[in-house]
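Dear colleague,

I am handing over the structure below, and my notes on helix packing, sheets and aromatic rings follow it. Please read them alongside the coordinates.

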Amino acid sequence: MNYLSAESLTKSYGDRTLFDKISFGVDQGQKVALVGINGSGKSTLLKIIMGQETPDSGKVSFRNDIKISFLSQNPEFKIEDSILDAVFDSDDEKLSVIKAYEHQLALIEINPDAHEKLTELIEKMDNLNAWDYESEIKQILGKLGIHDLEKKVSELSGGQKKRVAMAKALVEHPDFLIMDEPTNHLDLEIIEWLEEYLSKSNLSLLLVTHDRYFLESVTSHILEIDREKIFKYVGSYSDYLEKKAEREEQERTEVSKARNLMKKELDWIRRQPKARGTKAKYRIDAFEKTKEKASQNLTKTELELDLNSKRQGKKIIELDKASKSFDDTTIIHPFSHVFKRGDRIGIVGKNGVGKSTFLNLLTGKLTPDSGEIEIGKNTEFGYYTQQELQFKAGQKVIDIVKEIAEVITMSDGSTISASQFLQHFQFAPKVQHDFVEKLSGGEKRRLQLLRVLIKNPNFLILDEPTNDLDLITLGILEDFLSNFPGCLLIVSHDRYFMDRLVDHVFVFEKNKPIKEYPYNYSQYRSFANEQVKALTTKSSVKSKNEKNKHEQKTKLSYNEKKEFEGLESEIEQLESTKESLFEKLNSGNGSLDELQQWGKEIEEIIAEIEAKEMRWLELSEIIEA
């Protein structure tokens, strides 16, 4: 059953064509990834599909009876919206009632009418059978780290807004979900949860992502935009790589044949008189098609980049019990480490646990509150941050690179030009002489990264380098970094990237000292999971031992008998008191202070009743044994 159909779509900006007459579809249950180099038009295509942009030609159609959700790369909300407003912004009746119910729960301590309205909403929840849905929504919000629903969206960071937008997309229970870079700015644990959630769900999916583990686990089909066309592949990411290599080899063979044929046909064309007969027209038309095929440029950059970085001395960076606090909160606990030449370290931890603070301490942007950080005389930093590329209006791509260096020296003493370096990182000569402001977001990130690498640092710090980069550029970057001779320090949520490049991790946790492990990311996660299992097993054994001790006890002491005999009457008395307080509360005659006090007393009594009932069951089991 077809959910989405795109027919003959074309989109250009000025003289730059993104895609030309491309057609494809997405069927029910398919999970499709859209891939392609930065600037090929992936995000633009998603916007056209969602009606946010108009194609130059062609059309998009959806099946009429399906619900569609869209997660954009940079979601926007109304300034006045709370998280609750943003997540539950829907016409769905169940979602509207759940939103009102959650809002009323938040008001219950300050609004005297809250209890009455809450009772009404509970009845509506019952009538709509919305409790399971509400429970599922709370689970999604919890997994995404969203807790304070009354907080204003305008107070959130970009990463937090992305999580709110994702929560909105998921809680709507769409039949068809469209996502643009869903893993950007997410913690690794959230990415792994989302990966599992989407792979098990029955919804149809169309997404753009650079996360290769995510692609491998979630997607069943891949669409690739390449040279203005779209190519379709069935299978996972690894299947795509294999089939893409086969396609490119076949294309090279076809182009080679077309060029040989074109030479023969060109010779025939030149030998014909100017007044050609109609019988030869078919051959002329065929020549034009052959010429188009033969003119394809399938050349790939094979330049091996081994830059001549500044030689590192014996001392690179040494931290001796360095710490950092803000106000009364310790962000970096006393930490000691000696960085050595060739270190390849990954930094792991949730957002807001001190990773960026640590990097700023290393680079001297912050000074430690205690301890020392000693930097070697020959240590030269290259620091790629998450800040946007800075450039002047009217500045061209080649010029912004030449500001750093016009010629780059390789390790063997040879040199390459800034233009060659750009071309290696997928900036074609035509793009190099275009204006920076015309680049896509991903292309600007790629250019920003290139400006850091071209400085030939010997201590390279990369803070989320994979965000917004395409799969081809990621492969080029990984090859480059594999040959990097200096120290490499990476903060990344891209598990594949980390696994390929690091052999040591620093683990950051809130309010805890930094821990070191001699693993790549997947090895560390496997180790951490084993530790959790071991703790769980230990806890289970302890509980079992306590249960066995309890089961060995088959007789009540004198005091326990007296306690058991009195529990029933105590529980009855507490139930009576609870009912009395409920009557007062429902009467609405008390002051605000009295209503709050009665509500508090009810909570305490309910807790006491539950405790006494559990004790009664415990003692009764011993008697029956």
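At what angle do helix H6 (residues 158-171) and helix H7 (residues 188-200) pack, and how far apart are their axes? Before the answer, please note that this is a predicted model, in which local features need pLDDT of at least 70 and side-chain atom pairs count only at pLDDT 80 or more, while totals for chains, interfaces and linings use all residues. Residues are numbered from 1 along each chain as its sequence is written, and side-chain values use heavy atoms, with hydrogens and water left out.

H6 and H7 pack at an angle of about 15 degrees, with their axes 14 Å apart; axes here are lines fitted to C-alpha atoms, for helices over the stretch in contact, and angles run from 0 to 180 degrees between N-to-C directions. That makes H6 roughly parallel to H7, a term used for angles under 35 degrees. The contact (heavy atoms within 4.5 Å) is made by Arg163, Met166 and Leu170 of H6 together with Ile190, Trp193, Leu194, Tyr197 and Leu198 of H7. Helices (H or I, at least four residues) and strands (E, at least two) are DSSP runs, numbered from the N terminus.

Turning to the sheets, 6 strands form an open sheet with mixed pairing, in the order S5-S6-S7-S3-S8-S9, where two strands pair if DSSP finds at least two bridges between them. Its edge strands, each pairing on one side only, are S5 (68-71) and S9 (229-234), and the twist averages 15 degrees from one strand to the next. Within this sheet, strand S6 (residues 176-180) and strand S7 (residues 204-208) pair in the parallel sense over 5 bridges, and Ile178 stands opposite Leu206 in S7.

A further open sheet consists of 3 strands with antiparallel pairing, in the order S11-S10-S13, and its edge strands are S11 (329-339) and S13 (370-375). Neighbouring strands there are turned by 25 degrees against each other on average, direction ignored. Strand S10 (residues 317-326) is joined to S13 by 5 bridges, and the bridge partner of Leu319 in S13 is Ile373.

Finally, the count comes to 22 aromatic pairs, where rings of Phe, Tyr and Trp (its six-membered ring) pair if their centres lie within 6.5 Å, and planes under 30 degrees apart count as stacked, over 60 as edge-to-face and the rest as tilted. Tyr3 and Phe176 form a tilted pair, 6.4 Å centre to centre with 45 degrees between the planes. This pair links distant parts of the chain, with Tyr3 in strand S1 (residues 2-13) and Phe176 in strand S6, 173 residues apart.

Technical notes:
Angles under 35 degrees count as roughly parallel, over 145 as roughly antiparallel, 65 to 115 as roughly perpendicular and the rest as oblique.
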